[in-house]
Amino acid sequence: MATGDGTVTRRRFGKWAAAGVATAAVESVTGCGSFGRSEQDEKKLQLENASGLDVTGANSLGAHAAARGLLYGAAVDPELLDVDGIAVEHTNDPYTQLFAEQTRILVAENAMKWYALRPAPDRFDFSNADRMIRFAQLTGKVVRGHNLCWHEGLPGWFAKTVNKDNARQFLTEHIRTVAGHFRGQVQSWDVVNEAIWLEDGRPDGLRVQPWLEMIGPDYIELAFRTAAEADPHAKLTYNDYGIETDKPGEAAKRAQVLALLKRLKASGVPVGAMGVQSHLYAAGAQPGAGLREFLSEVSALGLEVYITEMDVVSAGIGGGQAGRDRATAKVYGDYASLMLADPNVKMLLTWGLSSGLSWVNNPNQRMQRFPDIWRERPLPFDDDDAPTDAFWALRGALDGAPVRAKQG
Ligand code: XIL
């Protein structure tokens, strides 16, 4: 991977793209929009999966989403895409095929972050990000930008170079250059990422981090206004996590996110969308009434809502792999159904497509927080690019979503 932090395995695709079989039978258990399969249906589905169902083309997540006027997509590592193969309409690369088949919108998992775009204070390198743009152009996909202002993903030189005197200059120059470079190519930008962190104890809930310390709370407004000038057509998004369930900490954080959005709107800041990251856990409290209320409050502010980084960790769930897969799939089905019931939720992106490359399975990242470390299956495809239970649950939830006007 770009960060050199994971073992990349290339896997076989093919078998799940076998000639269409028994698709109608699958529709009958997934088309209802919920994940309430009987044991009998479950067994039947397992057999059908084992026989190699076609989940490409009209059966893909992207196509099922598009049928409801929704965009489905995923985070991608552009370095792994066989763009040359796509350009001549022939690639045998499984990763590239999976993204080409399943998604209608792409976001760079890391390739548009500061450290990836800015190897030195005075040098930008767009080569990887441009690969993704080219792939999207060749395959007719929409692109999201992620992200312009965050406390993580900063280059090694940042701390030594950026200070109170030049921070405004660095932030605005970065946003002008990056959003300017991709002007007209991205549907939306995560302009500010993860700015709320209650543990820091500020009344406004803002995270105490370099941008806040060097510029003050107005760094958020500055970032949005600069982005609007650089690319007036992109929907400018505030993106955050840990705001999905009604656990007290998440409910409180959600309230501070809403308060921030209200302050921005009241000051005429050009914020256009709210990104709900949606890194979820199968064990414990699940999203519910508080999130629904949040969606209507955000809509009332005139903002669109995007599910930007969905994945599900199943640590703490019993029943072996089958039990964990079932629990993960239930979260996919229930969560997507809850969110997509609101017509203002316009898209759903998962944070990757197949488990093998998920950050969740990187021992240096999310999994270090879990004592019962094992190989997670947090995404719609497994290590062999075969659809997991989560695929069917998500596709069923897409089918159950109210139809909206076409996106992108
Ligand atoms: C993660 C990537 O998945 C990792 O590969 C990287 O090493 C760290 O960042 N919220 C975000 C994303 O907004 O940018 C993060 O992506 C996951 C959490």
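Start by selecting strand β5 (residues 235-240) along with β6: the two run parallel and are joined by four bridges. Keep in mind as you click around that this is a predicted model.

Next stop: the helices. Select α9 (residues 167-181) and α11 (residues 219-230), whose axes cross at roughly 30° and come within 9 Å. An angle under 35 degrees counts as roughly parallel, so that is what α9 is to α11. The crossing of this pair is right-handed. Show side chains at the contact: from α9 you get Arg-168, Leu-171, Thr-172, Ile-175, Arg-176, Ala-179 and Gly-180, and they meet Tyr-219, Leu-222, Ala-223, Thr-226, Ala-227 and Ala-230 of α11. Color that set by class and you'll find eight nonpolar, three polar and two charged residues.

Last, pick α12 (residues 248-266) and α13 (residues 289-300). How far apart are their axes? The answer is 11 Å, with a packing angle of about 0°, and the two helices are therefore roughly parallel to each other. On the α12 side, select Ala-251, Arg-254, Leu-258 and Leu-261; their partners in α13 are Gly-290, Phe-294, Glu-297 and Val-298. Sorted by class, this contact of α12 with α13 has five nonpolar residues, one polar and two charged.

Technical notes:
Residues numbered from 1 in each chain as written. Predicted model: local features only at pLDDT ≥ 70, side-chain atom pairs only at ≥ 80, totals over all residues. Axes fitted to C-alpha atoms, helices over the stretch in contact; angles between N-to-C directions. Parallel < 35°, antiparallel > 145°, perpendicular 65-115°, else oblique. Contact = placed C-beta atoms within 7 Å. Nonpolar A, V, L, I, M, F, W, Y, C, P; charged D, E, K, R; others polar. Left-handed = near helix turned anticlockwise from the far one by under 90°. Pairing = 2+ DSSP bridges.
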